Amino acid sequence: MVTLLIVSSERNIGKTAISAGIGQMLQGIGKKIGFFKPHFGDKPIESNDIDAAFLKQTLNLPESLDYICPVFDNDGVQANKIKETYDRVAQGKDLVIVEG
C-alpha cells in the first residue's frame, strides 16, 4: 500500500481537486483508493467537511466521514490513535491520498 501526501502552505489552493483527479485516474485503472484528511483542533473546519464529503462521494468511499476526516485534539494527540484511524481508511487499499 502506498501513501500519497498532498500538501500546501496555502488554503483553498486546489489540494482536494488534485486529490480527486488522481483518485479517479487511479480508480480508472483498477486501483483501490482511500482518502484521509485529519484535522487537529477542537472541531473540524467547515471546509474540511465539505472536502471530505466531496471526496467520499467522488471516489465512492465506503468509510464514514468520521474516519476520512477525523478530528484530533491538539492537547496530547497520540500517534497510535492517528495510526489506528489511518489504518481503518487504508485497509484493502492500493493507495491512500492524505491531504494536509
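Student: Where do Lys83 and Asp87 lie?

Tutor: Both Lys83 and Asp87 are in helix H4, four residues apart, or about one turn of the helix. Helices here are DSSP runs of H or I with at least four residues, strands are E runs of at least two, and both are numbered from the N terminus. One heads-up: this is a predicted model, where local features need pLDDT of at least 70 and side-chain atom pairs count only at pLDDT 80 or more, while totals for chains, interfaces and linings use all residues. Residues are numbered from 1 along each chain as its sequence is written, and side-chain values use heavy atoms, with hydrogens and water left out.

Student: Okay, and what do the side chains of Lys83 and Asp87 meet in?

Tutor: A salt bridge, at 2.8 Å from N to O. That term means a side-chain nitrogen of Lys or Arg within 4 Å of a carboxyl oxygen of Asp or Glu.

Student: How many salt bridges does the whole structure have?

Tutor: A search finds four. One of them pairs Lys37 with Glu99, whose closest N and O atoms are 3.0 Å apart. That pair links distant parts of the chain, 62 residues apart: Lys37 is in the loop between strand S2 (33-36) and strand S3 (39-40), and Glu99 is in strand S5. Both Lys37 and Glu99 are buried.

Student: What about Lys93, where is that found?

Tutor: In the loop between helix H4 (79-90) and strand S5 (95-99). Lys93 counts as buried because its relative accessible area is 12%.

Student: Which residues is Lys93 in contact with?

Tutor: Leaving aside neighbours within four places in sequence, Lys93 touches Met1, Lys32, Ile33, Gly34 and Glu63. Contact means heavy atoms within 4.5 Å. With Glu63, the side chains form a salt bridge of 2.6 Å, N to O. Glu63 sits in the loop between helix H2 (46-58) and helix H3 (65-68) and Lys93 in the one between H4 and S5, so the pair ties together parts 30 residues apart in sequence.

Student: New topic: is Tyr86 buried or exposed?

Tutor: Tyr86, also in helix H4, is buried because its relative accessible area is 13%. Beyond neighbours within four places in sequence, its contacts are Met1, Thr3, Phe36, Val96 and Val98.

How values were computed: Buried < 20%, exposed > 50% of the residue type's maximum accessible area, 1.4 Å probe, protein only.
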